[in-house]
Amino acid sequence: MVQKYQSPIRVYKHPFELVMVAYEKRFPTCPQIPVFLGSEVLRESRSADGAVHVVERSCRLRVEAPRLLRKIAGVEHVVFVQRNVLNWKERTLFIEAHNETFASRVVVKENCSYRVHPENEDWTCFEQSASLDIRSFFGFESALEKIAMRQYTANVKRGKEVIEHYLNELISQGTSHIPRWTPALAREEDAPSQAGQREPDSLEVCGPSSAQDLAPESVSTDGDKLDADYIERCLGHLTPMQESCLVQLRRWLQETHKGKIPKDEHILRFLRARDFHLDRAREMLCQSLSWRKQHQVDLLLETWRPPALLEEFYAGGWHYQDIDGRPLYILRLGHMDTKGLMKAVGEEVLLRHILSVNEEGQKRCEGNTKQFGRPISSWTCLVDLEGLSLRHLWRPGVKALLRMIEVVEGNYPETLGRLLIVRAPRVFPVLWTLISPFINENTRQKFLIYSGSNYQGPGGLVDYLDKDVIPDFLGGECLCNVPEGGLVPKSLYLTEEDQENEDQLWQWRETYHSASVLRGAPHEVTVEILERESVITWDFDILRGDVVFSLYHAKQASMPGPREPGARASGQLMDRGWALGANFSCVEAPLICREGESIQGSHVTRWPGIYLLQWQMHSPPAHVACSLPGVEDVLTALHSPGPRCKLLYYYEVLASEDFRGSMSSLESCTSRFSQLSATSSSSAPSHSSSLVSR
């Protein structure tokens, strides 16, 4: 594989002529670069008018490699041939170098250029590129590649320091100005002969392999170059190799990408996300650019307006900046009815809002970079988990959260500088177990988690936030305008009758099922369990009326033939001749569910077979929930008008290894939403695995 290096433009704030004198001081030896053992001139020529000076040198460099590798190679130094083409008239110097030692096994090429700064003729620009192709080297190809590139980038950094050293030396000696080249007066008798000739220049002397190839790329003065000072000032410190990756990826985009080129900060995030592995960063960035174009993300901040319901109940917003100048986003997740928001606006609207937050975050980073005069490329998120309950661990919601994490990780890498999680309750480890495998390792290392009141005092928020920006609800003195969230009224939930949101409803119906329960005609769902200790989970909302929820187990299905898990019917599915305790059993105590309640629960199966989730209408006086209604009751209910209950439900079967480990935490927690309103939720008294949120 060919390794390539491309430097950004480095600027010397000195005239070209003075820089050239400093450059010549590097030869024949340069004590500031210990690996440079010396050089000798092989060939030298000048044009007739003295404008073009061509020098070829043989340069010896010490091999800085492990002793074993030097012994196998049989050399202590390598020889490079360097060709310099200096054009005083055009004020350019083009340098081309290649290795002679091991040329059949290793090919090293380097091109450099010095030229006048396009915006200031008293400044000089320097740029270089190189390639390394190790074809074979006694089985040490990989080791040699790493050694060579590490040594090369170290010498690149040292090279600028050397020029600056000699510039300072010249100035200290009183040489701060070198006159520009002017043509000598041509002899009168030579004028006719010179009139028909082309004036000698670098192209005539050096041929197509140096100046002709380099000039179009190096002398370009449009926006396709990156200045080293600009990188340091606006993007932060980068190693020479990191700078090279940034310049190469940006140049590749300009040559191949149709449309708007991303900002340098954006490109750099993808390089950091892939540890500056150029090919992997390029692949990730290209996928993201296609995604942005497909979903018109570049226009999101101009076109997106969150629904009024989202503005009222989404408990998140921007709040000043952290102690390092990063924009600060506060999310009161424990006070937010994530389930209600999902049911009221749909997953796609929530995702769109999350994307708008990330777009706004990038915009604020740019603003803070200008405001504070230093690179700020990421933002800080403060998450308050007070009030987090099983309502937030609702399975469809977790699935939606994982999808959002996947989208953000793939398209907004390295935008999160720090995540401060405060007041984490006992149920938090369950959520963390579910989502942490989907979060990039680099991102997980930025998480700081505080339980209880540990966020207060030294080692807590004061280490990351100025005291005057700590929100009032966390004990600070700063008034925080982030919405407090709260329960979303069920009357605002999307239903099948909402014709204006058909696309969202289609997404919703893919997850949730709607059912009506008539008196004497329960709604039932069968689930076939093939292995013991699987886990059945459920989540449902009672939209109208009161119902009794029960879970039964039977060793076999009532009807012969295969049955798909999850088949639904409005009538009963079990054989009416079966007797409770003999043919089937009630494995979850009946739970009375009132109108407006949300119920989440789970059941660890002890036996394989058929399990039946049943919802039947509840009306006083209370009937025996484990007694199955007869055929006459069902027929009467189906053909007679009367009251009916309505519910939305979701269920899922998990393998035991996917759920074990969190079961004890789930069953020991109380499903509360206590911080949201005076009407706090209460846990269901009938069974610990089914919990109620009002």
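Trainee: Is Y23 buried or exposed, and what is its relative accessible area?

Mentor: This is a predicted model, and in it Y23 is buried, with a relative accessible area of 2%. Buried here means under 20% relative accessible area. F27 is also buried, at 14%.

Trainee: Which residues form one aromatic cluster with Y23 and F27?

Mentor: The cluster consists of Y23, F27, F36, Y114 and F126.

Trainee: Which charged residue sits over the ring of F27?

Mentor: The charged end of R57 does, 3.7 Å from the ring centre. Elsewhere, R332 lies over the face of F473, at 3.7 Å from the ring centre.

Trainee: How should I read the sides of a helix such as α10?

Mentor: An α-helix has 3.6 residues a turn, so residues three or four places apart point the same way. Helix α10 covers residues 278–295, 18 residues in total, and reaches 26 Å from its first C-alpha to its last, close to the 26 Å expected. Its buried residues are L278, A281, M284, L285, S288, L289, W291 and R292. Seen down the axis of α10, the buried residues fall within an arc of 160°, so they line one face of the helix. On the other side of α10, E283, Q287, K293 and Q294 are exposed.

Trainee: What covers the buried residues of α10, and what comes just after the helix?

Mentor: The cover includes α8 (240–256), α9 (264–273), α14 (347–372) and α15 (395–411). Just after α10, Q296 takes a positive phi of about 50°.

Trainee: Which residues have the most contacts inside the largest nonpolar core?

Mentor: In soluble globular proteins, nonpolar side chains tend to be buried together. Here the largest nonpolar core has 56 residues, and Y314 and L341 have the most contacts inside it. Leaving aside residues up to four places away in sequence, L341 touches L309, L310, F313, Y314, M336, G346, L350 and V488.

Note on methods: Residues are numbered from 1 along each chain as its sequence is written. This is a predicted model: local features need pLDDT of at least 70, side-chain atom pairs count only at pLDDT 80 or more; totals for chains, interfaces and linings use all residues. Side-chain values use heavy atoms; hydrogens and water are left out. Helices (H or I, at least four residues) and strands (E, at least two) are DSSP runs, numbered from the N terminus. The expected span of a helix is 1.5 Å times one less than its number of residues. Buried means under 20% relative accessible area, exposed over 50%, partly exposed in between (1.4 Å probe, protein chains only). The arc is that of the directions from the helix axis to the C-beta atoms. Contact means heavy atoms within 4.5 Å. A nonpolar core is a set of buried Ala, Val, Leu, Ile, Met, Phe, Trp, Tyr and Cys residues joined through side-chain atoms within 4.5 Å. Rings of Phe, Tyr and Trp (its six-membered ring) pair if their centres lie within 6.5 Å; planes under 30 degrees apart count as stacked, over 60 as edge-to-face and the rest as tilted. A charge sits over a ring if NZ of Lys or CZ of Arg is within 6 Å of the ring centre and within 35 degrees of the ring normal.
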